[in-house]
Amino acid sequence: MKDSHGRVIDYLRISLTDRCNFRCIYCMPEEGVQQLPHEEILRIEEIVQAVRVAADMGIRSIRLTGGEPLVRLGVVDLVRDIANVPGIENISMTTNGVLLPRMADDLKTAGLSRVNISLDTLDPDQFRQITRRGELQQTLDGIDAALEAGFNPVKINAVAVRSLHQDYLKFAELSIDRPLHVRFIEYMPVGESSGTDGCGWGKQDVVSCEELFDTINEQARAQGLPELVAAGEDRPLGWGPARYFMFPGAQGTVGFISPLSRHFCGECNRLRLTADGKLRPCLFSDNEYNLRAALREGDEETQRAVFAEALRAKPDDHHDRVGTERGMSQIGG
């Protein structure tokens, strides 16, 4: 299906829950967010019905997010049900990886195609500081489990934040010896974080992807390593906006996602469905359309009409807007 600007929209991101086993400082306050009442969260069968309608209208790829999607009861059965929806070609998930060691095999068998694992630092102390309750080794074990289960590709999502003084080269080097695809994402002040509430970060902490690329190459040269080159045919399967590079001979790649310094709105192919059943045409806009009501009170034609309304409302660009009323744990990462 196409939006009013002629873009093909074939990708739906679905937040399964606003709950998480971490309390990352740029995502939610230490005590957690005001959790949505249970009755406001889409039920498993409602999510599957939403996918059926979306697939019939042209959606081909589904990404499951949260909060942390693996804390949602029934997530393996949900993956299996979505995989059986005619028209759906790919199902992926964004996760912090903590629960993958005991769930990866079941998810793979159920039909999950690939995983993106969020990891913002390789320093154990800083990891505890950022997540407030996590241990770095838990996420590293999750990465190992994803590779062992046979997910392909396995991508690592690292948000670049100037105040963290991350070792970008150390991140990039994860792609050399194993088929890991490390993607650096420009920090986006969204929701409460746009007012630096809770984390103290702001626009000054945005590191552009051009700066990241130059820094990694400079550090590589200093250590006698080759510079990054365009990945070409070695780029991983996916439908997102990352630009991919690699170290010569590496098993994986290094990607850069630049929502602020290099808008990719003209290539945007997605809609978002929040855990409480609201369709969002754009991450940076608070316009939402109530699919939950249509799923519970209407027929399939009414549900299709909500998708069509959200599609018509999809803007051409986010026009440098940052910050929304909802945080990322509520919108779906």
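Me: What makes two strands a pair?

Reply: Two strands pair if DSSP finds at least two bridges between them. In this predicted model, five bridges join strand 6 to strand 9 (residues 253-257). Five bridges meet the cut-off of at least two, so strand 6 and strand 9 count as paired. One of the contacts links His-181 to its bridge partner Thr-253 in strand 9.

Me: How do you know that strand 5 pairs with strand 4 and with strand 6?

Reply: Strand 4 (residues 114-118) and strand 5 share four bridges, in the parallel sense. Val-115 stands opposite Val-154 there. Strand 5 and strand 6 (residues 180-186) run parallel and are joined by seven bridges; Asn-157 has Arg-183 as its partner in strand 6.

Me: Why is strand 5 called largely enclosed?

Reply: Buried means under 20% relative accessible area. Seven of the seven residues of strand 5 (residues 154-160) are buried, so the rest of the structure largely encloses this strand. Val-154, Ile-156, Ala-158 and Ala-160 point one way, while Lys-155, Asn-157 and Val-159 point the other way, and all are buried. In a regular strand the side chains alternate between the two faces of the sheet.

Me: What makes strand 7 and strand 12 edge strands?

Reply: The open sheet has twelve strands in the order 7-8-9-6-5-4-3-2-1-10-11-12, with mixed pairing. Strand 7 (229-230) and strand 12 (289-290) each have a single partner strand, so one side of each has no neighbour in the sheet.

How values were computed. Residues numbered from 1 in each chain as written. Predicted model: local features only at pLDDT ≥ 70, side-chain atom pairs only at ≥ 80, totals over all residues. Heavy atoms only, no water. Buried < 20%, exposed > 50% of the residue type's maximum accessible area, 1.4 Å probe, protein only.
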